[in-house]
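Colleague: I would like to learn how to read a model of this kind. Please take the features one by one.

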Amino acid sequence: MIFSRILALSAAAIVPALALPSTTNSDAMLNLYKRQITSSETGTNNGYYYSFWTDGGGSVSYTNGDAGSYSVSWQDTGNFVAGKGWNPGSGQSVTYSGTWNPSGNSYISVYGWTRSPLIEYYIVESFSTYDPSTGAEELGTVESDGGTYQIFRTTRTDAPSIDGTATFDQYWSVRTDHRVGGTVTVQNHFDAWAANGLELGTSFDYMILATEGYESSGQATITVS
(Lines give C-alpha, C1' and ligand atoms only; values in the text may rest on other atoms or scores of the structure.)
Protein backbone atom coordinates (compact mmCIF):
# COMPACT_ATOMS: atom_id res chain seq x y z
CA MET A 1 0.00 0.00 0.00
CA ILE A 2 1.19 3.47 -0.78
CA PHE A 3 1.22 5.84 2.16
CA SER A 4 2.88 9.21 1.98
CA ARG A 5 5.56 10.08 4.50
CA ILE A 6 6.75 13.21 6.27
CA LEU A 7 8.91 15.40 4.10
CA ALA A 8 12.40 15.04 5.53
CA LEU A 9 14.04 18.47 5.65
CA SER A 10 17.43 17.25 4.56
CA ALA A 11 19.79 19.04 2.23
CA ALA A 12 19.13 18.49 -1.46
CA ALA A 13 21.56 16.61 -3.63
CA ILE A 14 21.46 18.79 -6.72
CA VAL A 15 22.85 17.46 -9.96
CA PRO A 16 25.46 19.86 -11.39
CA ALA A 17 24.44 21.79 -14.46
CA LEU A 18 25.15 19.96 -17.67
CA ALA A 19 27.30 21.45 -20.42
CA LEU A 20 24.93 23.57 -22.47
CA PRO A 21 25.17 24.91 -25.99
CA SER A 22 25.72 28.62 -26.43
CA THR A 23 22.22 29.64 -27.49
CA THR A 24 19.64 32.16 -26.38
CA ASN A 25 17.88 29.32 -24.54
CA SER A 26 20.92 28.29 -22.49
CA ASP A 27 19.93 30.31 -19.40
CA ALA A 28 16.49 28.70 -19.31
CA MET A 29 18.02 25.24 -19.76
CA LEU A 30 20.53 25.89 -16.99
CA ASN A 31 17.70 26.99 -14.68
CA LEU A 32 15.93 23.68 -15.35
CA TYR A 33 18.97 21.47 -14.78
CA LYS A 34 19.92 23.25 -11.56
CA ARG A 35 16.63 22.15 -10.06
CA GLN A 36 17.14 18.42 -10.56
CA ILE A 37 16.85 17.12 -7.00
CA THR A 38 17.51 13.60 -5.67
CA SER A 39 17.17 14.08 -1.88
CA SER A 40 14.15 15.22 0.14
CA GLU A 41 13.56 18.96 -0.10
CA THR A 42 10.86 21.60 0.18
CA GLY A 43 10.86 25.21 -0.99
CA THR A 44 9.42 27.70 -3.45
CA ASN A 45 9.98 27.88 -7.19
CA ASN A 46 8.52 30.40 -9.65
CA GLY A 47 5.85 31.42 -7.14
CA TYR A 48 4.80 27.86 -6.23
CA TYR A 49 5.52 25.77 -3.17
CA TYR A 50 7.16 22.43 -3.97
CA SER A 51 7.85 19.36 -1.90
CA PHE A 52 9.85 16.27 -2.73
CA TRP A 53 10.23 13.42 -0.29
CA THR A 54 11.89 10.04 -0.83
CA ASP A 55 12.62 7.24 1.60
CA GLY A 56 15.91 6.70 -0.24
CA GLY A 57 14.98 3.45 -1.94
CA GLY A 58 15.91 2.95 -5.58
CA SER A 59 16.51 5.94 -7.81
CA VAL A 60 14.23 8.98 -8.08
CA SER A 61 14.85 12.53 -9.28
CA TYR A 62 12.61 15.60 -9.17
CA THR A 63 13.02 18.64 -11.43
CA ASN A 64 11.33 22.02 -11.08
CA GLY A 65 10.31 23.50 -14.41
CA ASP A 66 8.84 26.81 -15.49
CA ALA A 67 5.93 28.30 -13.50
CA GLY A 68 3.87 25.43 -12.02
CA SER A 69 5.55 22.61 -13.92
CA TYR A 70 7.69 19.78 -12.60
CA SER A 71 8.90 16.37 -13.70
CA VAL A 72 9.84 13.28 -11.76
CA SER A 73 11.41 10.01 -12.89
CA TRP A 74 11.94 6.91 -10.79
CA GLN A 75 13.42 3.44 -11.10
CA ASP A 76 12.83 0.55 -8.68
CA THR A 77 12.04 3.12 -6.00
CA GLY A 78 10.90 2.68 -2.42
CA ASN A 79 8.32 5.39 -1.62
CA PHE A 80 8.34 9.01 -2.78
CA VAL A 81 5.92 11.95 -2.97
CA ALA A 82 6.65 14.94 -5.22
CA GLY A 83 4.78 17.94 -6.53
CA LYS A 84 4.02 21.63 -6.73
CA GLY A 85 1.24 23.67 -5.18
CA TRP A 86 0.67 26.07 -2.31
CA ASN A 87 1.45 26.58 1.35
CA PRO A 88 -0.96 26.90 2.99
CA GLY A 89 -3.51 24.89 1.06
CA SER A 90 -7.16 25.87 0.71
CA GLY A 91 -10.42 24.91 -0.95
CA GLN A 92 -9.37 26.52 -4.21
CA SER A 93 -9.78 25.03 -7.67
CA VAL A 94 -6.66 23.30 -8.98
CA THR A 95 -6.16 22.96 -12.74
CA TYR A 96 -3.45 20.64 -13.99
CA SER A 97 -2.24 18.80 -17.08
CA GLY A 98 0.58 16.51 -18.07
CA THR A 99 1.73 12.96 -18.64
CA TRP A 100 2.10 10.08 -16.18
CA ASN A 101 3.64 6.74 -17.13
CA PRO A 102 4.01 4.41 -14.13
CA SER A 103 5.07 0.78 -14.01
CA GLY A 104 3.78 -0.43 -10.66
CA ASN A 105 2.13 1.40 -7.78
CA SER A 106 1.63 5.14 -8.26
CA TYR A 107 -0.92 7.94 -7.71
CA ILE A 108 -1.73 11.31 -9.19
CA SER A 109 -3.59 13.37 -6.58
CA VAL A 110 -4.24 16.64 -4.87
CA TYR A 111 -2.48 15.98 -1.58
CA GLY A 112 -2.15 17.95 1.64
CA TRP A 113 -2.18 18.21 5.43
CA THR A 114 -4.04 20.06 8.17
CA ARG A 115 -3.42 20.47 11.90
CA SER A 116 -5.84 20.66 14.85
CA PRO A 117 -6.56 17.88 14.19
CA LEU A 118 -3.69 16.39 12.21
CA ILE A 119 -5.16 15.09 8.93
CA GLU A 120 -3.50 13.83 5.74
CA TYR A 121 -5.77 14.06 2.70
CA TYR A 122 -5.84 12.82 -0.88
CA ILE A 123 -8.06 13.62 -3.85
CA VAL A 124 -6.88 10.82 -6.13
CA GLU A 125 -7.29 11.52 -9.82
CA SER A 126 -5.66 8.30 -11.00
CA PHE A 127 -3.98 5.24 -9.54
CA SER A 128 -2.16 2.43 -11.29
CA THR A 129 -1.82 -1.06 -9.81
CA TYR A 130 -3.03 -0.45 -6.26
CA ASP A 131 -6.45 0.95 -5.34
CA PRO A 132 -6.04 3.00 -2.12
CA SER A 133 -9.60 2.18 -1.09
CA THR A 134 -8.73 -1.51 -0.70
CA GLY A 135 -9.92 -2.70 2.71
CA ALA A 136 -11.43 0.68 3.63
CA GLU A 137 -15.10 1.36 4.33
CA GLU A 138 -16.76 3.61 1.77
CA LEU A 139 -18.49 6.50 3.54
CA GLY A 140 -20.15 8.10 0.54
CA THR A 141 -19.53 9.65 -2.86
CA VAL A 142 -19.17 13.12 -4.29
CA GLU A 143 -19.92 14.27 -7.84
CA SER A 144 -17.42 16.91 -8.91
CA ASP A 145 -15.71 18.17 -12.04
CA GLY A 146 -17.39 15.66 -14.34
CA GLY A 147 -16.67 12.56 -12.27
CA THR A 148 -17.63 10.48 -9.26
CA TYR A 149 -15.30 10.16 -6.29
CA GLN A 150 -15.63 7.54 -3.57
CA ILE A 151 -15.01 8.80 -0.02
CA PHE A 152 -12.99 6.82 2.52
CA ARG A 153 -11.20 7.27 5.82
CA THR A 154 -8.18 5.30 6.98
CA THR A 155 -6.02 5.64 10.09
CA ARG A 156 -2.25 5.63 10.43
CA THR A 157 -0.83 4.59 13.80
CA ASP A 158 2.59 5.74 15.01
CA ALA A 159 3.47 6.83 11.47
CA PRO A 160 5.57 9.69 10.07
CA SER A 161 3.72 12.98 9.69
CA ILE A 162 4.41 16.69 9.34
CA ASP A 163 4.59 16.72 13.16
CA GLY A 164 6.85 13.72 13.54
CA THR A 165 5.66 10.24 14.50
CA ALA A 166 1.93 10.40 15.23
CA THR A 167 -1.42 8.68 14.89
CA PHE A 168 -3.75 10.45 12.45
CA ASP A 169 -6.62 9.94 10.01
CA GLN A 170 -6.32 10.02 6.24
CA TYR A 171 -9.26 11.32 4.19
CA TRP A 172 -9.67 10.09 0.62
CA SER A 173 -11.68 10.98 -2.45
CA VAL A 174 -10.85 8.47 -5.20
CA ARG A 175 -12.07 9.21 -8.72
CA THR A 176 -13.74 6.22 -10.37
CA ASP A 177 -13.06 7.46 -13.93
CA HIS A 178 -9.32 8.01 -13.98
CA ARG A 179 -7.78 11.03 -15.66
CA VAL A 180 -4.51 12.96 -15.86
CA GLY A 181 -5.55 16.55 -16.46
CA GLY A 182 -8.49 18.76 -15.61
CA THR A 183 -9.80 20.90 -12.78
CA VAL A 184 -10.26 19.74 -9.19
CA THR A 185 -12.67 21.88 -7.17
CA VAL A 186 -11.09 21.13 -3.82
CA GLN A 187 -13.81 22.76 -1.73
CA ASN A 188 -16.35 20.26 -3.10
CA HIS A 189 -14.35 17.48 -1.47
CA PHE A 190 -13.88 19.36 1.78
CA ASP A 191 -17.67 19.89 1.94
CA ALA A 192 -18.43 16.25 1.07
CA TRP A 193 -15.99 14.99 3.70
CA ALA A 194 -17.60 17.21 6.34
CA ALA A 195 -21.06 15.96 5.33
CA ASN A 196 -19.80 12.43 5.99
CA GLY A 197 -18.34 13.26 9.39
CA LEU A 198 -14.75 13.90 8.23
CA GLU A 199 -13.67 17.24 9.66
CA LEU A 200 -10.40 18.76 8.53
CA GLY A 201 -8.14 20.67 10.89
CA THR A 202 -8.45 24.39 11.50
CA SER A 203 -4.87 25.09 10.32
CA PHE A 204 -3.88 24.23 6.76
CA ASP A 205 -0.35 23.20 5.85
CA TYR A 206 0.83 22.65 2.26
CA MET A 207 -1.23 21.27 -0.65
CA ILE A 208 0.34 20.01 -3.89
CA LEU A 209 -0.60 18.26 -7.12
CA ALA A 210 1.41 15.17 -6.26
CA THR A 211 2.95 12.25 -8.06
CA GLU A 212 3.56 9.36 -5.66
CA GLY A 213 5.23 6.03 -6.28
CA TYR A 214 5.83 2.92 -4.22
CA GLU A 215 8.11 0.03 -5.23
CA SER A 216 7.72 1.01 -8.86
CA SER A 217 9.28 2.78 -11.83
CA GLY A 218 8.02 5.51 -14.11
CA GLN A 219 8.03 9.10 -15.28
CA ALA A 220 5.64 12.04 -14.95
CA THR A 221 5.61 15.63 -16.19
CA ILE A 222 2.91 17.78 -14.59
CA THR A 223 1.89 21.45 -14.77
CA VAL A 224 -0.37 22.90 -12.07
CA SER A 225 -2.14 26.26 -11.96
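Modeller: We go through confidence, the annotated site, the salt bridges and a helix.

Colleague: How far does the confidence of the predictor reach, and what is the average pLDDT?

Modeller: This is a predicted model, and the average pLDDT is 87, with 84% of the residues scoring at least 70. Residues 1-34 stay under 50 in pLDDT. The model has 71 contacts beyond four places in sequence for residues 1-34.

Colleague: Which residues does UniProt list for "active site"?

Modeller: The unreviewed UniProt entry lists Glu 120 and Glu 212 under "active site". The two are spread over 93 residues of sequence but cluster in space, with a largest C-alpha distance of 14.1 Å.

Colleague: Where is Glu 120 found, and is Glu 120 buried or exposed?

Modeller: Strand E8, residues 119-127, holds Glu 120. Glu 120 counts as buried because its relative accessibility is 0%, and buried means under 20%.

Colleague: Where is the place of Glu 212, and with which side chain does Glu 212 make a polar contact?

Modeller: Glu 212 is in strand E13, which covers residues 203-224. With 2% relative accessibility, Glu 212 also counts as buried. The side chain of Glu 212 makes a polar contact with that of Asn 79, at 3.4 Å.

Colleague: How should I read the salt bridges, and how many does the structure hold?

Modeller: The general idea is that side chains of opposite charge can pair when their charged atoms come close. This structure holds three salt bridges. In one of them, Arg 115 pairs with Asp 163, and the closest N and O atoms are 2.9 Å apart. That pair links distant parts of the chain, 48 residues apart: Arg 115 is in strand E7 (residues 93-115), and Asp 163 is in the loop between strand E10 (147-159) and strand E11 (166-175).

Colleague: Which other residue meets Arg 115 in a salt bridge?

Modeller: Asp 205 does, with an N to O distance of 2.8 Å.

Colleague: Where do Arg 179 and Glu 125 meet?

Modeller: Their side chains meet in a salt bridge at 2.5 Å, N to O. Arg 179 lies in the loop between E11 and strand E12 (182-185) and Glu 125 lies in strand E8, so the pair ties together parts that are 54 residues apart in sequence. Both Arg 179 and Glu 125 are buried.

Colleague: Why do buried residues line one face of a helix, as in H2?

Modeller: An α-helix has 3.6 residues a turn, so residues three or four places apart point the same way. In helix H2, residues 186-195, the buried residues are Val 186, His 189, Phe 190, Ala 192 and Trp 193. Seen down the axis of H2, these fall within an arc of 165°, so they line one face of the helix.

Colleague: What comes just after H2?

Modeller: Gly 197 follows, taking a positive phi of about 85°.

Definitions and conventions:
Residues numbered from 1 in each chain as written. Predicted model: local features only at pLDDT ≥ 70, side-chain atom pairs only at ≥ 80, totals over all residues. Heavy atoms only, no water. UniProt positions renumbered as here; feature names shortened; annotations may be inferred. Helix = DSSP H or I, 4+ residues; strand = E, 2+ residues; numbered from the N terminus. Buried < 20%, exposed > 50% of the residue type's maximum accessible area, 1.4 Å probe, protein only. Polar contact = N/O pair within 3.5 Å; in protein donor to acceptor, adjacent residues only side chain to side chain. pLDDT = per-residue confidence, 0-100. Contact = heavy atoms within 4.5 Å. Salt bridge = Lys/Arg side-chain N within 4 Å of Asp/Glu carboxyl O. Arc of directions from axis to C-beta.
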